[in-house]
Amino acid sequence: MALGKEQMALLYRNLIRADHFDKMMMNRIMQGKLIGFYHPGDGAMAAGVGASTFLGDNDILNPHHRAHGLGYAAGRGIDVGRYLAEHTGKVDGCCGGRSSFHWSFPEKKLYGASGFIGWHFCPVVGWGWASKRKGNQMVLMASGDGSYGQGGAHEAMLFAMNWKLPIVFFCENNGMAIHSTISDMHPMPDISSLAQGYGMPAVVIDGQDVFAVAETVIAAREHALAGKGPTFVEAKTLRLREHDVGTPDLARAEPRDAQYLEELKKRDPVVLATTRVLAEKVLTQKQIDEIYKEAKEEVAAIEKFADDSPIAQPSIEELLAGVYVA
Ligand SMILES: Cc1ncc(C[n+]2csc(CCOP(=O)(O)OP(=O)(O)O)c2C)c(N)n1
Ligand SMILES: [Mg+2]
């Protein structure tokens, strides 16, 4: 299904916002104004924006950790002021300032990262089962190529397919997991080939093209809501910088090739989307300038909100209330 101009304009706006949010986080970690890590999303924000902008309010969203889910936050309409307050240990953080990049935003059914890559595969089957029983909702689970070596990935795909669960397995394949390259980790370049082994519909798309990602996820969502089961969407993307700020940018034990990284920059999703919205007269240059101005203003308001919020000092009782013991 081709996107309408309004949908394209919304995707473009969310992409520019997400890109500004990522740059805000980079600035802040360089200034020592973030708690914990930052895993830069530079040049790779289109996948999350495209995957999340047209989800339904009831849908469960599990974002990828790259850029700490900011592309998904932009698409989902998350209050990024509360997201930044979370990353700065403030009272108004979306998890009370206690989680840093393992944030969640339950009010919007966004359940976030954990320290364990691939932790989500089994819960996703449960969310998928609950969604099937309730109807009119599905699950979008995003993760990277690096998580598909986990045994849980295979259990989840098997159950999802057997029970026709309304799940989109959305893989951001940037060909890297810290210092390992995709060829170190997988015998085949397409992660989606694993899903085909379970008979699951699987597509490979350009994750740098925010419009292509959205079209694909809309179709996969309709497939899921029609009771036809899961789809595997593999968005080919890239990693322009180091895995996380402060870690050397290596492939195996060697610095990544500078010329290769320059080549990757030509696939910047903002450049690609801008060319297209202008060529197809979705937006004028004046409207684009306005979107940039609003994104800058939004970032300023987000930073002020987080900076003004008091430091979280939870009592022992409050801390224990957040601990689950099985
Ligand atoms: C179970 C487990 N193993 C290893 C790690 C260390 N680790 C953190 S991020 C990461 C790479 C993830 O790669 P990918 O899923 O492709 O996402 P990307 O960072 O490339 O976007 C690894 C191995 C971890 N957090 N959890
Ligand atoms: Mg990866």
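Predicted model: local features only at pLDDT ≥ 70, side-chain atom pairs only at ≥ 80, totals over all residues.
Local features need pLDDT of at least 70 and side-chain atom pairs count only at pLDDT 80 or more, while totals for chains, interfaces and linings use all residues. Residues are numbered from 1 along each chain as its sequence is written, and chains are lettered from A and ligands numbered from 1 in the order in which they are written.

Trainee: In what order do the strands of the open sheet lie?

Mentor: Strands (E, at least two residues) and helices (H or I, at least four residues) are DSSP runs numbered from the N terminus, and two strands pair if DSSP finds at least two bridges between them. The sheet has β1 (60–62) and β6 (202–206) at its edges, each pairing on one side only. With parallel pairing, the 5 strands follow the order β1-β2-β3-β7-β6.

Trainee: Which residue in β7 is the bridge partner of Asp 206?

Mentor: β6 pairs with β7 (residues 231–236) in the parallel sense, over 5 bridges. In β7, the partner of Asp 206 is Lys 236.

Trainee: What angle does the direction of α5 make with that of β2?

Mentor: Axes are lines fitted to C-alpha atoms, for helices over the stretch in contact, and angles run from 0 to 180 degrees between N-to-C directions. Helix α5 (residues 121–134) packs on the sheet and touches β1, β2 (139–144) and β3 (167–173), where residues are in contact if their C-beta atoms, placed from the backbone, lie within 7 Å. The angle between the directions of α5 and β2 is about 165°.

Trainee: Which elements give two or more residues to the shell around ligand 1?

Mentor: A residue counts as near the ligand if its C-beta atom, placed from the backbone, lies within 6 Å of it, and 16 residues surround ligand 1, the closest being Arg 66, Ile 117, Gly 144, Gly 146 and Ala 177. By class the shell holds 5 nonpolar, 8 polar and 3 charged residues, where Ala, Val, Leu, Ile, Met, Phe, Trp, Tyr, Cys and Pro count as nonpolar, Asp, Glu, Lys and Arg as charged, and the others, Gly among them, as polar. The elements that give two or more residues are β2 and β4 (176–177).

Trainee: Are α5 and α6 roughly parallel or roughly antiparallel to each other?

Mentor: The axes of α5 and α6 (residues 151–162) come within 8 Å and cross at roughly 15°. Angles under 35 degrees count as roughly parallel, over 145 as roughly antiparallel, 65 to 115 as roughly perpendicular and the rest as oblique. Therefore α5 and α6 are roughly parallel.

Trainee: How are α1 and α9 oriented to each other?

Mentor: Helix α1 (residues 5–30) packs against α9 (residues 210–225) with axes 10 Å apart and at an angle of about 120°. In this contact Met 8, Leu 11 and Leu 15 of α1 meet Val 210, Phe 211 and Ala 214 of α9, and the residues divide into 6 nonpolar, no polar and no charged. The two helices, α1 and α9, are therefore oblique.

Trainee: How are α1 and α11 oriented to each other?

Mentor: The axes of α1 and α11 (residues 269–279) lie 11 Å apart, and the helices pack at an angle of about 150°. The contact involves Met 8, Tyr 12, Leu 15, Ile 16 and Asp 19 of α1 with Pro 269, Val 270, Ala 273 and Val 277 of α11. Therefore α1 and α11 are roughly antiparallel.

Key:
Contact = placed C-beta atoms within 7 Å.
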